[in-house]
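Please look over the structure below before reading on. The report after it walks through selected features in short steps.

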Amino acid sequence: MNFIDISVDLWIRCSGNYSLLQPVWDNLRLNYTDYMRSPLFPIILTVSSYFVLCLPFLACDVMGDRWAWVQQFKIQPSRRPTAATVLHCSGVTLYNHVFLVLPASVAQWAWRPPVDLPVQAPLLMELIAGVIGNLLLFDFQYFIWHLLHHRIRWLYVTFHAIHHNYSAPFALATQCLSGWELVTVGFWTTLNPVMLQSHFLTTWAFMVLHVYVSIEDHCGYDFPWSTNRLVPFGIYGGSSGHDMHHQKPNTNFAPHFSHWDKIFGTHADVSASSNRK
């Protein structure tokens, strides 16, 4: 650490706004600046996170009855993904990322100059509040988008129907989407942190968490440690709620939380025991 870095560190500590995340942020900012300033970094972060976070759920599907203790949490135990469905979803995901996401990222790299990284890390509570705020904003946006694509037949048939090829979702079905839907979801995920003026660390934490909860919503399992089990008062739909949407597509349109469906009368109250087949 040089004299300037030491001076900046002392200033942060003396300013009264020292964050528990500061050492983490300093390590990233000082050692990986060129990587994090690239417009490609968020794409690499989310795509790599997606495939890595899918693996544990795919392992549960592959092992099947050999992991009986896992299968007791399967929402639809009689319906499991086949090799053909796994290959189909993987192919759709790779096609969309190669022919849509990658060109868009390269184009963004060409016109968008590298951004400066702030010296100060967000406070821990600021990061948590920012992540929750981004999730809530996305939840509202996607609820409206999703509802319209189910109520307007042309939108459903043209853009959204591919995602409903599977009435028993599994992890890799999360991004089995039309190009239009993937671009829309990516647009909100990228724009919302800008609108909410989120710190880069908050933005990246939101992106990774959003990838995880989206996969969890589609995983087909309702574990005791699933997010909907950990968030109290039934305000989070989670895997059982979204699984019901794939079984009954006119219910549970919100991707994560349940309040918009309750307000608009599209909420289907389900439990793990009643939802299993």
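Predicted model: local features only at pLDDT ≥ 70, side-chain atom pairs only at ≥ 80, totals over all residues.

Residues are numbered from 1 along each chain as its sequence is written, and side-chain values use heavy atoms, with hydrogens and water left out.

## Salt bridges

Side chains of opposite charge can pair when their charged atoms come close. Here a salt bridge is a side-chain nitrogen of Lys or Arg within 4 Å of a carboxyl oxygen of Asp or Glu. The count by this rule is five. The table shows three of these salt bridges.

| Aspartate 61 | Lysine 74 | 3.7 Å |

Some terms are needed here. Helices are DSSP runs of H or I with at least four residues, and they are numbered from the N terminus. Buried means under 20% relative accessible area, exposed means over 50%, and partly exposed lies in between (1.4 Å probe, protein chains only).

Aspartate 61 and lysine 74 form a salt bridge. This pair links distant parts of the chain, 13 residues apart. Aspartate 61 sits in helix H4 (residues 41–63), and lysine 74 sits in the loop between helix H5 (68–71) and helix H6 (83–111). Aspartate 61 counts as buried because its relative accessibility is 12%. Lysine 74 is buried too, at 2%.

Aspartate 65 is exposed, with a relative accessible area of 57%. Arginine 80 is partly exposed, at 34%.

Aspartate 222 is buried, at 2% relative accessibility. Arginine 229 is partly exposed, at 44%.

## Side chains that reach the backbone

A polar contact is a pair of N or O atoms within 3.5 Å; within protein, one must be able to donate a hydrogen and the other to accept it, and residues adjacent in sequence count only if both atoms are side-chain atoms.

Glutamine 22 lies in helix H2 (residues 22–31). Its relative accessibility is 0%, so glutamine 22 counts as buried. A polar atom of the glutamine 22 side chain is 2.9 Å from the backbone nitrogen of alanine 121.

Serine 90 belongs to helix H6. Serine 90 is buried, at 18% relative accessibility. A polar atom of its side chain lies 2.8 Å from the backbone oxygen of valine 86. The C-alpha atoms of serine 90 and alanine 173 are 8.3 Å apart, although 83 residues separate the two along the chain.

Arginine 66 is in the loop between H4 and H5. Its relative accessibility is 62%, so arginine 66 counts as exposed. The arginine 66 side chain reaches the backbone oxygen of valine 62 at 3.2 Å.

Helix H10 (residues 200–218) has 19 residues. From first C-alpha to last, H10 reaches 27 Å, close to the 27 Å expected at 1.5 Å a residue. That expected span is 1.5 Å times one less than the number of residues. H10 is largely enclosed by the rest of the structure, because 14 of its 19 residues are buried. Glycine 220 follows H10 and has a positive phi, near 85°.

How many residues of helix H12 (residues 238–247) are buried? The count is 10 of its 10 residues, and H12 is mostly covered. Among them are His242, Asp243 and His245.

## A nonpolar surface patch

Leu20, Leu124, Met125, Ile128, Ile132 and Leu136 form a nonpolar patch on the surface. Together they have about 570 Å² of accessible area. Patches are made of residues with over 30% relative accessible area and no salt bridge; like charges are joined within 9 Å, and nonpolar side chains (Val, Leu, Ile, Met, Phe, Trp, Tyr) within 5 Å. Accessible areas come from the Shrake-Rupley method with a 1.4 Å probe; for residues, only the protein chains shown count as cover. Isoleucine 132 lies in helix H7 (residues 124–151). Isoleucine 132 is partly exposed, at 43% relative accessibility.

## Cysteines

A disulfide is a pair of cysteine sulfur atoms within 2.5 Å. The count by this rule is zero. Cysteine 54 is in no disulfide, and its nearest cysteine sulfur, that of cysteine 89, is 9.7 Å away. Cysteine 54 is buried, at 1%. Cysteine 89 is in no disulfide either, with the nearest cysteine sulfur, that of cysteine 176, 3.7 Å away. Cysteine 89 is buried, with a relative accessible area of 0%.

Terms used
Helix = DSSP H or I, 4+ residues; strand = E, 2+ residues; numbered from the N terminus.
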